[in-house]
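Here is a guided walk through a structure, taken one region at a time. Keep the 3D view open beside you as you read.

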Amino acid sequence: MQRRDLFRPKTAALDAVQAEYANRTLPSGLERSSAGLEPYAGPWGDEQMLHLLRRTTFGVNLTDLALVRTKTLAETVAQLLVVPPLPAPPVNNYSSTADPTGVFPGATWVTAAYNSTVNGSRTASWKAWWFNEMITLPLSLREKMTLFWHNHFATETPIIDNSRDIYNHHALLRQFALGNFKELTRRVTLDPGMLRYLNGNANTKSAPDENYARELQELFTIGKGPDSRYTEEDVKNAARVLTGWRINGTTYTSYFDSTRHDTGNKSFSSFYGSKVITGRSGATAGELELNDLLDMLFANDETAKFLARKLYRFFVYYIIDAAVEQNVITPLAQVIRQNNYEITPALSVLFNSAHFFDPLNMGCVIKTPLDVTVGLCREFGINAVSTAVPPAALTDAQRYGIWDHLRTQSSAMQMHIGEPPNVAGWPAYYQEPQFYEIWINADTLPKRNQFTDTMVTTSGYTRSSTRLVVDVIAYAKRFPAPADPTALVNDIVRHLYAIPVSETLKTSLKTGSLLSGQASDHYWTDAWNAYIANPSDTQAKNAVITRLQALLKALMNAAEYQLA
Amino acid sequence: MLIGGFTVKAFGRSPLLESLVAAATETDRVLVLIQLNGGNDGLNTVIPLSEYTNLSKARAGILIPEAKVLKLTDATGLHPSLSGLADLYANGRLAIVQSVGYPNPSYSHFRATDIWLTASDANQNLSSGWMGRYLNEEYPQFPDAYPNTVMPDPLAIQIGSSISPGLQGPEVSMGMTITDPTKFYQLVTGMVDPAPNTPAGHELTFIRQVSQQTQQYAAVIKNAASKAANLSTRYPSSPDHTLGDQLKVVARLIAGGLKTRIYVVTLGGFDTHSNQVVAGATETGTHATLLGRLSKAIAAFQDDLALLKVDHRVVGMTFSEFGRRILSNASGGTDHGSAAPLIVFGKGINAGIIGSNPIIPSTVTAANNLPMQYDFRSVYASILRDWFGVPQQELESVLLRGFQSLPIIAAPTGVGRTAITPDSVTLRQNYPNPFNPSTRLQFTVADGPVQIKLFNSAGQEVMTIREGSYPAGTHEVWVDGSSLSSGVYYCRLQQGAEVRTIMMTLIR
């Protein structure tokens, strides 16, 4: 990954429609929250619960919501921050017999030797597997934070190009998703995937490569905030500190080669207090100097502030004005530093705060493509199912096939996991002044609508006798009063929309879909009750299915559905 | 395969090929469906005066006083709120088909609506709608190959928040929706619904703007709207007249040149179980109000179409999922019934009454319902065959079997139409020829839509010379070849099934 790639974006420029309507400058004059990080003391009801779940997971899984209803806010946040057990690794879904390295279908390949024939299939296997983790993990922040770190320490699989290193790199992000930022940074620095991605393995005393040293400061720690003033000399000296690291292609680990290390002293600018990192030699030199470098970077106020701003833009909103800087960013950075870069105390403060729960901060995030694809699966509690009659147990090839479809769909909406556009991550998280609006253009918005449309048809998405489809009846049954069309529309709108809509609109949705234009609610009630009384009656079943499908399609086609 | 004298093979699988194949039913005609939700009381809409004595026994509380009925014939009249429709009848623009229904009728709104929209038998479940199947036959490969030069516009437009099951094709919906007239005017002006001045409101507005502009047909709809304004002053004013508001949009889009074949609009509230009329003044009340809105809206729409000079292209039809019971109930209303009259209007129809008055028994109980005279699918079949020119084989695949035809649409020799015969269509050799850069074409056609296109010697379409309706007779058009290079070109004229081709040479 060469730095110049940063200036050659892989994503298309704004299309004409987007360019016309997206921010041309950061919006000013919007009504903003004046609240800070003081604990939220208002009501703890569905509105707040749904807001918290939308931001900390993908979509709102109704089982999660039911659990949250039994908890206080503090208990919910504590539960979100509990580190869940690590998932079983991805398996061979790509061959019908043992692959060239002897890995049988259903067995994991993450401990098998690299093999160029199956390398691409394994990378695809890992991406598909990741989707299942995002869809199925109950009430936890880990998968959103794994994505956060993937966007923060962004790497691209085609450049790492080794599925073992790719998997290990991402296992590290998941392992530390709710861990210590400084320790994660240390490990990422020495991670073979990152060493290859940013040429760290080519950084030697005779031919220093500044690539990683630059991104370490610009994108991973100090950032480019208004008070960031590191110098080009600082980049050069950090690169000297990092000389000598190499990759062992057999063990998929990194090691330090002291003969390639620059043993001289490294002097930094006044921005870093004119710090001098003493040059060392011998087997431990690399690690000791790296520790000194990280101590220097993490002693700087900018690192915590940079992380606080990134967390804010990931979880709250993209506009950081003077008030947000003062009321949220500065104190959040303090919490991060006071806890020695453990990440959960800061997340706990943020998700318990009055600022987070201010209605002005609700519904203002534009869903990422993953919020759309994974979010839909979680909202409707769906995953791959068999279309065989009677249903057959799914093979790994079938299950991964469905998850791969979700990967393809997200990718078509311009978020390809494993392949962010460059080392800076996805522009929606950093590109001023458009930020989130980058997700929505003349190509991606229709694709979002087509995706949700397909999911609420009767056949959904089908491949290899496997299907992903919304079971509209099962979904309606999750609500307390599915026979009452007014209550059902209210409940569904509250679940699927992050912003309130007018009674007029709800009535029109109800009449246009559930009531087929009829004026009286009881016609839906009768149809629903007729189905419940005789679920095997095809006509009775179709009568409710088509109307629920029409309702969901209309709801998910509206702009409101794109907000979280 | 030869079409019009040159091989189609060279075209490959192009939209042009599709158009040539589908050209058997090339038409600029439009159908407007007005769905009356709730089950309209047919007996108080088209009143069988010949049965008045028995009617007054069965539904004394709600029957319209005989003197107030608007008489169409001695035996049959309209509800007094339908004066607009009575005028259309008098002017030869309105037909009534009596007692339309189907065997073993359903009295459930949902089921009956689904039957009407899918054109199924009472005991049959279909997942596609009759209009969807028709449009799928006409425009195969929708939506993948669309929009294209042959069909740049929506195949069907529904005004309403969710798309009608009637427009559902075998795989995808063949129609687009315009949520309501307000959304249409927003699209035309580029406005969106107001949102609060908050972060969420800011992003919502942005997404709405992109959404509006990325609706596949936004540009063609805006373009059509910019080409025509409503000319009739007879549209009733909002907010109660939602049907009139919907039809205003439809008239503007038709006159603006959209090739869209089907429009669906709705008027709800016909489920008049109680207080259908005001006691003691039965010509007033809920049903009278609804019929008044229907009548005013249709009359204004027809007036508008005539002023916009597109009335020869448009036929409209009302339908409701069922009629209501003969016997009125104790709540001043009527319960769900079966067969009911259906109204067709337009310049191209045979005005009059098809069928006879329903027979009302002298003793009527709640079990009595009107028997059907005509299957609703006969009405569909007649319109598809006689209005859209759908051949019999295609008709049977749309309606799943054959249905007898009714004389709803004026015969090809009827009002405003001359027959297209081999003799009525000619295309003379252009003059001058060879030419540079322009040349004159003279052609004779029957009344109706004509398409003239220019192809190069490789068979590729290079220009649409004319596409639109002509009155019967001889016409002239200049072809401007200044954007073309020297060579041999084929000029092809098609009207209905008749195709004429001439060869011309451009020398620059």
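Let us begin with a pair of helices in chain A: α5(A) and α18(A) are oblique to each other, because their axes cross at roughly 55° and an angle between 35 and 65 degrees falls in that class. This is a predicted model, so please read every value here as computed from it. Helix α5 covers residues 116–136 and helix α18 covers residues 369–379, and their axes come within 8 Å. The crossing of α5(A) and α18(A) is right-handed. On one side of the contact you will find A:Phe131, A:Met134 and A:Ile135 from α5(A); facing them from α18(A) are A:Leu370, A:Val374, A:Cys377 and A:Arg378.

Now turn to the nonpolar cores. The largest one has 165 residues, and A:Ala308, A:Leu332, A:Leu350, A:Leu555 and A:Leu563 have the most contacts inside it. Helix α25 of chain A, residues 538–557, gives the most to this core, with 10 residues. Setting aside neighbours within four places in sequence, A:Leu332 is in contact with A:Leu37, A:Ala308, A:Ala346, A:Val349 and A:Leu350. A second, separate core of 119 residues includes B:Leu72, B:Ala255, B:Phe301 and B:Val315.

Where do the two chains meet? Their contact takes 45 residues from chain A and 30 residues from chain B. Among the helices of chain A that each supply at least two residues to its side are α1, α20, α23 and α24. The side of chain A that touches chain B has 25 nonpolar, 16 polar and 4 charged residues.

Note on methods:
Residues are numbered from 1 along each chain as its sequence is written. Chains are lettered from A and ligands numbered from 1 in the order in which they are written. This is a predicted model: local features need pLDDT of at least 70, side-chain atom pairs count only at pLDDT 80 or more; totals for chains, interfaces and linings use all residues. A nonpolar core is a set of buried Ala, Val, Leu, Ile, Met, Phe, Trp, Tyr and Cys residues joined through C-beta atoms within 7 Å. A residue is buried if 20 or more other C-beta atoms lie within 10 Å of its own, exposed if 12 or fewer, and partly exposed in between; C-beta atoms are placed from the backbone. Helices (H or I, at least four residues) and strands (E, at least two) are DSSP runs, numbered from the N terminus. Two residues are in contact if their C-beta atoms, placed from the backbone, lie within 7 Å. Ala, Val, Leu, Ile, Met, Phe, Trp, Tyr, Cys and Pro count as nonpolar, Asp, Glu, Lys and Arg as charged, and the others, Gly among them, as polar. Axes are lines fitted to C-alpha atoms, for helices over the stretch in contact, and angles run from 0 to 180 degrees between N-to-C directions. Angles under 35 degrees count as roughly parallel, over 145 as roughly antiparallel, 65 to 115 as roughly perpendicular and the rest as oblique. A crossing is left-handed if the near helix is turned anticlockwise from the far one by less than a right angle, and right-handed if clockwise.
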